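These are my notebook entries on a structure that I looked through for the first time. I set down what I looked up, entry by entry.

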Amino acid sequence: MEYDVTKLLWDTTPLYPSPSSAELAQEFELAGARAKDFRERYLETVVSLDATGLLQALQAYESLQELIVKPQMYAQLLFSADSGDDLNKSLMQKSAEFGNLMARELLFFDLELMALADEPFQSLLADTGLANYRHYLTSIRKFRPHTLPEREERLLKQKGLTGAEAFSRLFDELSASFRYKMELAGEEREFSGEELWGMLHHTDGEVRERAFATFLRRHEEEGIVLSAVFNNIALDHGQELELRGYQSPMQPTNLGNELDASVVENLMQVSEANYPLAQHYFRLKARLLRVPQLKNSDIYAPVGEVERQYTFDEAKELVLAAYGEFKPEFRELAAAFFSERRIDALPRPGKGGGAYCMGMTPSLPPYLLLNFTGNLRDVATIAHELGHGLHFLLAQRQSMLNYHAPLPLAETASVFGEMLLTRYLLEREPDKSVKIALLCAKIEDIIATTFRQNVLTRFEERMHRERQAGLLTSSRLCQLWWEENGRLYGDSVTMIEPYRWGWSYISHFIHSRFYCYSYTFAELLVLSLYQKYLEEGKAFIPRYEAILASGGSQSPSDTVGPAGIDLHAPDFWQKGYDFLRDLIEELERLL
Ligand SMILES: [Zn+2]
């Protein structure tokens with residue numbers, strides 16, 4: 001593929017002219033000074049604020065947060081685009097220290113809100129002037145029983161910089177530095193991790209297995225460092241649980257997500273009860289590939305002829321068309337990411353792997369990072385990340401404290417966008433074998449975002465529980481990983497030996513604890529939403545937009561309630577899996 005590379009790099013100059021610019025240095029300073037002013041003005045006074053005073057304080061706090069976030073997000077963008085660059089590295093370090101300092105300076109505000117006695121707190125909540133902040137106030141209040149005095153909170157925050165946060169940055173730098181040597185078509189070459197991942201879609205099973213094994217063995221070579229990182233991240237969390245009086249490793253995440261543990265546990269158990277559905281698909285896929293049994297390096301193997309390749313422009317047009325069919329305004333919003341150059345599209349050494357969409361503040365446009373290699377999965381990734389982008393854009397009518405969707409809803413628009421793309425492609429495809437390939441890709445994708453994430457969450461849960469009892473050796477981590485994956489695959493898939501190290505590259509375990517169940521949550525929720533769209537047609541669209549536009553202004557169940565979704569209904573999750581079963585049956589009819 002030949003591209004005009006400069007067009008496929010993002011343009012960060014609307015944020016700052018350069019990482020060494022005076023503008024950037026000034027904003028770091030300005031934010032620091034404003035934070036100091038805020039602290040001087042409000043420290044130890046929150047208890048005496050009336051509703052008007054509190055409203056002013058919250059508004060000042062919000063604009064301060066916007067000021068603080070912008071330079072940090074900028075540093076993150078540059079670092080993920082080129083983590084080998086020294087200027088980016090030092091900016092990232094400066095930004096981490098700045099973020100940590102700001103958090104320490106401002107901690108008092110949330111702490112004092114939490115410390116208010118119940119009676120005055122409830123009457124503030126009831127004040128109409130504070131209506132926009134009701135959700136924010138009640139959600140931080142939930143952490144009240146688990147919060148320490150300010151001095152201790154500040155110390156913990158400060159020591160975190162050289163503790164868990166340091167291990168997390170070490171993990172990023174180490175992962176981004178990996179190069180992989182592998183022989184392909186008779187020639188030994190160096191590959192990036194993303195290129196090896198791309199090879200899981202190769203037509204030759206031997207190449208798929210070797211690419212996956214090469215990726216995993218490189219991680220095994222750094223087993224000492226990676227195990228130390230995982231151990232310390234888990235130990236750090238264990239200490240937090242103890243210090244703050246939490247009952248289980250997942251409790252802080254559930255509290256932050258505003259979900260009852262019972263909703264999450266039900267989600268996981270229903271997923272496990274449906275593992276045989278995945279196994280049924282894996283046996284079907286083995287038949288399609290004409291092998292007696294799948295290896296786990298075969299799961300994403302192309303079916304039929306050579307897998308179709310897409311140029312970046314073709315991919316862009318397809319994704320825009322799929323969004324445009326749903327709603328023309330969605331297409332326009334999505335198209336602006338390309339025309340305003342807010343996408344870094346192609347893989348290269350030193351660039352972070354995977355893909356993300358960064359939404360910053362209600363007044364700044366979101367950016368996308370991709371690693372496009374041209375397969376169907378990459379096209380779906382564009383639809384996915386643009387979905388996040390649309391979500392961030394629609395939520396911009398919210399103020400800063402209500403901007404970010406609660407985690408369980410953060411994947412709603414992205415997964416919905418992928419579904420739109422699949423249906424768009426399926427409806428236009430005349431060729432039966434391509435239709436089969438499309439359906440397989442969608443089913444595999446749903447399996448990856450539901451069952452696989454459930455496996456990850458169970459592994460993570462066990463990792464944290466066992467670390468509380470003592471050191472986790474790398475072989476124990478490998479064993480836990482093997483067991484949880486074995487439960488999913490049963491006798492339908494053979495796991496390749498190096499897959500024992502499959503836990504060691506999952507950055508969610510390091511960066512966003514127990515995030516993975518949000519994918520399962522989102523996928524099943526979206527399957528339900530999509531079914532409603534099929535039933536209700538255009539009438540559904542404004543209700544869907546309202547979900548996205550509400551950002552983080554309400555709890556997950558209040559956000560989706562008006563669209564007719566009840567998260568607490570006992571059969572809610574099973575409905576999503578029933579939709580997956582229908583897709584598998586649709587595939588079987590084509591075979
Ligand atoms: Zn996503």
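The entries below cover conventions, two helix pairs, single helices and a few residues.

**Conventions.** I worked from a predicted model, in which local features need pLDDT of at least 70, side-chain atom pairs count only at pLDDT 80 or more, and totals for chains, interfaces and linings use all residues. I number residues from 1 along each chain as its sequence is written. Helices (H or I, at least four residues) and strands (E, at least two) are DSSP runs, numbered from the N terminus.

**H1 and H2.** I looked up how helix H1 (residues 22-42) packs on helix H2 (residues 51-81), and found an angle of about 155° with the axes 9 Å apart. Axes are lines fitted to C-alpha atoms, for helices over the stretch in contact, and angles run from 0 to 180 degrees between N-to-C directions. H1 and H2 are therefore roughly antiparallel (angles under 35 degrees count as roughly parallel, over 145 as roughly antiparallel, 65 to 115 as roughly perpendicular and the rest as oblique). I noted the contact residues next, two residues being in contact if their C-beta atoms, placed from the backbone, lie within 7 Å. On the H1 side they include Leu24, Phe28 and Tyr42, and on the H2 side Ala57, Leu64 and Pro71 are among them. The residues of this contact comprise 14 nonpolar, no polar and three charged. Here Ala, Val, Leu, Ile, Met, Phe, Trp, Tyr, Cys and Pro count as nonpolar, Asp, Glu, Lys and Arg as charged, and the others, Gly among them, as polar.

**H18 and H19.** I then turned to helix H18 (residues 412-428) and helix H19 (residues 432-449), which pack at about 165° with axes 10 Å apart. H18 and H19 are therefore roughly antiparallel to each other. Val415, Glu418, Thr422, Leu425 and Leu426 of H18 meet Lys435, Leu438, Lys442, Asp445 and Thr449 of H19. I recorded four nonpolar, two polar and four charged residues in this contact.

Is H18 enclosed or open? Twelve of its 17 residues are buried, so H18 is largely enclosed by the rest of the structure. A residue is buried if 20 or more other C-beta atoms lie within 10 Å of its own, exposed if 12 or fewer, and partly exposed in between, with C-beta atoms placed from the backbone. The buried residues of H18 include Phe416, Met419 and Leu420. Their cover includes H16, H19 and helix H23 (516-536).

**H16.** I checked the length of helix H16 (residues 376-394): its 19 residues should span 27 Å at 1.5 Å a residue, and its end C-alpha atoms are 27 Å apart, which agrees. The expected span is 1.5 Å times one less than the number of residues. H16 is mostly covered, with 18 of its 19 residues buried.

**Asn88.** I located Asn88 in helix H3 (residues 86-115). With 20 C-beta neighbours inside 10 Å, Asn88 counts as buried. Asn88 and Ser20 are 68 residues apart in sequence, yet 9.7 Å apart in space, C-alpha to C-alpha.

**Positive phi.** Most residues other than glycine have a negative phi. I noted Ala185, with a positive phi of about 50°, in the loop between strand S1 (180-184) and strand S2 (187-191). Ala185 is exposed, with 6 other C-beta atoms within 10 Å. I also noted Arg290, whose phi is near 55°, in the loop between helix H13 (275-289) and strand S3 (294-295). Arg290 is exposed, with 6 other C-beta atoms within 10 Å.
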